[in-house]
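Take a look at the model below. We will walk through it step by step, defining each term as it comes up.

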Amino acid sequence: MNSEYMLLFRGTGWDKNLSPEEMQSHASKFMAWFERLKLEGKCKGGQPLQREGKVVSGKGGRNVVDGPFAESKEAIGGYFSLTVADMDEAVAIAKGCPGLDYGLQVEVRPVADGCPTLKLAEERLAEHAMA
Amino acid sequence: MSDLAASSANPPPAGEVSRLAEHLFRHEAGKLVSILTGIFGTDRLQLAEDVVQESLARALQTWPFYGVPKNPAAWLMQTARNLAIDVIRREKSFHEKEPEIITTIEQWSTDTDAGSQPLFDSEIKDGRLRLMFACCHPQLPHEAQTALALKTLCGFSPAEIAKAFLTSEAAIAKRLVRARQRIQELKIPFEIPAGENLEERLEVVLHTLYLLFNEGYKASAGENLLREDLCFEAIRLATLLVEHPAGNQPRTHALLALMMLNGARFGARQDSAGNLLRLKDQDRAHWNREMIARGLFHLDQAAVGDEATKFHLEAGISACHCAAENYEATDWRQILALYDALIAVDNTPVVALNRAVAVAKVRGPAAGLKAVDAIANADMLDSYYLLYAIRAEFEMELGRFSAAANNLRRAMQLTPIKSEVTLLAAKLHECESAEGQIDRGHSQ
């Protein structure tokens with residue numbers, strides 16, 4: 001049975017010191033990678049995120065600030081949505097990301113079905129019922 | 001930016017990865033920097049470079065997801081335009097001129113999808129020539145001129161320039177910073193010079209392009225393709241120059257002829273293992289005939305008027321090599337005559353060394369050695385491996401293998417190029433076994 005995973009591309013500004021030639025080569029590789037995954041039916045889609053937006057926090061959202069900062073190792077620059085057999089396959093795909101060589105990080109996260117807390121509670125209830 | 005993202009939001013059909021033209025980013029970067037410098041002024045060269053870098057970064061962020069836009073060059077231009085407008089609104093230094101500048105930029109067509117040219121080709125070319133004249137200003141040091149031209153006009157990164165020049169990235173970065181400062185201090189204008197001024201300024205531009213080409217040509221080996229790229233960039237820039245009335249002069253054609261006739265023989269300069277091949281060992285079928293034809297065309301165009309610059313003479317020498325069916329058919333007499341004329345206008349040790357080879361071909365190896373010994377300022381060649389490699393060649397022909405071997409060992413110590421060491425080592429082996437045979441002959 002297939003499950004859904006998200007690949008989150010973390011790190012912005014890693015491309016800052018690339019030469020035009022390197023940027024072009026990287027863009028081509030990334031495009032080929034994405035196209036292949038879509039063709040194989042393993043990737044449903046993906047989108048880039050603009051580098052800056054707003055961060056809302058505090059009670060009632062009283063803090064609204066610009067962010068994340070332009071260059072950050074943590075900031076998410078884009079995502080892929082995968083449908084694959086298991087975590088191993090998702091990780092194997094992440095390992096093929098052409099940006100890794102330049103310091104980009106790929107976070108692999110299973111998409112939870114339903115609310116995990118509720119699911120756990122239901123499982124516990126089921127266990128009790130069995131006992 | 002969102003309008004752009006939307007305009008290219010249709011991904012290419014699955015399985016069909018859009019391909020980008022070779023060096024597209026690099027070449028567009030060169031174009032865009034010159035257009036933006038025209039808007040910001042030469043004193044804000046760095047700003048123009050930064051805006052272009054950011055435009056390419058935006059492409060890198062979005063194209064992989066949405067595919068290559070129908071007209072990638074127009075997309076980049078449009079992005080650069082929007083970023084430039086942002087910069088102008090934000091920066092106080094532009095305030096006075098802001099409305100005027102923004103009007104100029106907004107005149108660029110915004111229609112990125114129709115495949116229309118946002119600016120006239122001639123305007124883009126003019127911009128590039130203006131920047132070329134600014135980079136090659138006589139008051140900038142030569143090494144700064146070539147580095148700056150490569151960075152701004154050709155879209156090379158400091159790291160790539162450093163690699164091509166066999167120096168450190170920090171050294172190149174320093175050169176670039178100083179060059180930009182100097183342009184600011186001197187208030188070097190963004191213009192194509194005219195009148196008497198043009199003669200002198202064109203001379204400097206041609207010399208810079210010549211250096212650029214030679215830098216890529218002289219040593220070059222398969223280990224570093226970038227060096228070949230330098231040559232092709234020099235050819236591109238010289239081509240721009242001859243297409244413009246300001247640059248369309250016999251000596252520009254001569255320079256272009258020289259670069260094309262030499263560049264045409266690139267493909268044959270190394271074997272499949274990446275080893276450098278001597279002229280006599282090259283497979284002439286691998287010479288680029290079309291480029292030779294173009295080179296000869298420009299040599300023809302160069303033959304107008306009465307000036308014979310060093311470019312004319314060097315192109316003539318190269319043409320002699322290109323015209324020979326095989327090495328044996330080379331017209332060495334003609335080549336020697338051209339070297340004699342060349343030395344009259346450019347008596348540098350390297351030219352004199354090359355002339356010595358021609359002397360040896362026409363008058364024998366002993367005469368060749370004599371010509372080497374007669375080189376003026378020969379101490380400049382002390383650490384030039386070819387001096388010893390050439391001497392060794394002559395000594396071998398004279399049957400003096402031990403002298404040849406000594407020269408070969410010296411040459412091997414001096415060349416940084418691996419394939420040259422291999423070539424020299426093979427010769428040394430030849431000498432040593434020949435020496436051995438002679439020794440055995442004596443002892444018998």
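How many of the 13 residues of α18(B) are buried? Eleven of them are, so α18(B) is largely enclosed by the rest of the structure. A residue is buried if 20 or more other C-beta atoms lie within 10 Å of its own, exposed if 12 or fewer, and partly exposed in between, with C-beta atoms placed from the backbone. The buried residues of α18(B) include B:Tyr385, B:Leu387, B:Arg391 and B:Phe394.

Before going on, note that this is a predicted model: local features need pLDDT of at least 70, side-chain atom pairs count only at pLDDT 80 or more, and totals for chains, interfaces and linings use all residues. Residues are numbered from 1 along each chain as its sequence is written, while chains are lettered from A and ligands numbered from 1 in the order in which they are written.

The expected span is 1.5 Å times one less than the number of residues in the helix. Just after α18(B), B:Gly399 takes a positive phi of about 75°.

Now step back to the whole of chain B. Its secondary structure comes to 20 helices and zero strands. Chain B has 444 residues, and 43% of them are buried. Take the contacts in chain B between residues at least 6 apart in sequence: 64% of these join residues at least 24 apart. Two residues are in contact if their C-beta atoms, placed from the backbone, lie within 7 Å.

Next comes α2(B), residues 24-40. Of its 17 residues, 16 are buried, so α2(B) is largely enclosed by the rest of the structure. Just after α2(B), B:Gly41 takes a positive phi of about 100°.

What does α2(B) pack against? Two packed helices are described by the angle between their axes and the distance between the axes. For α2(B) and α4(B), residues 72-90, the angle is about 35° and the axes are 10 Å apart. Axes are lines fitted to C-alpha atoms, for helices over the stretch in contact, and angles run from 0 to 180 degrees between N-to-C directions. The crossing is right-handed. A crossing is right-handed if the near helix is turned clockwise from the far one by less than a right angle, and left-handed if anticlockwise. Residues in this contact include B:Leu32 and B:Leu36 of α2(B), and B:Leu76 and B:Ala80 of α4(B). By class, the contact has ten nonpolar residues, no polar ones and one charged. Here Ala, Val, Leu, Ile, Met, Phe, Trp, Tyr, Cys and Pro count as nonpolar, Asp, Glu, Lys and Arg as charged, and the others, Gly among them, as polar.

Turn to chain A. An open sheet of four strands has the order β2-β5-β1-β6, with antiparallel pairing. Two strands pair if DSSP finds at least two bridges between them. β2(A) and β6(A) stand at the edges with a single partner strand each, so one side of each is left without a neighbour in the sheet. The twist averages 25° from one strand to the next. Five bridges join β2(A) to β5(A). A:Gly46 stands opposite A:Phe80 in β5(A).

Another pair is β3(A) and β4(A), which run antiparallel and are joined by five bridges. A:Val56 has A:Val64 in β4(A) as its bridge partner. Five residues lie between the strands of this hairpin, where A:Gly58 takes a positive phi near 85°. Is β4(A) buried or in the open? The number of its five residues that are buried is zero, so β4(A) lies largely in the open.

Finally, see where the chains meet. The contact takes 21 residues from chain A and 24 residues from chain B. On the chain A side, α1(A) gives the most, with 14 residues. That side has nine nonpolar, eight polar and four charged residues.

How values were computed:
Helix = DSSP H or I, 4+ residues; strand = E, 2+ residues; numbered from the N terminus.
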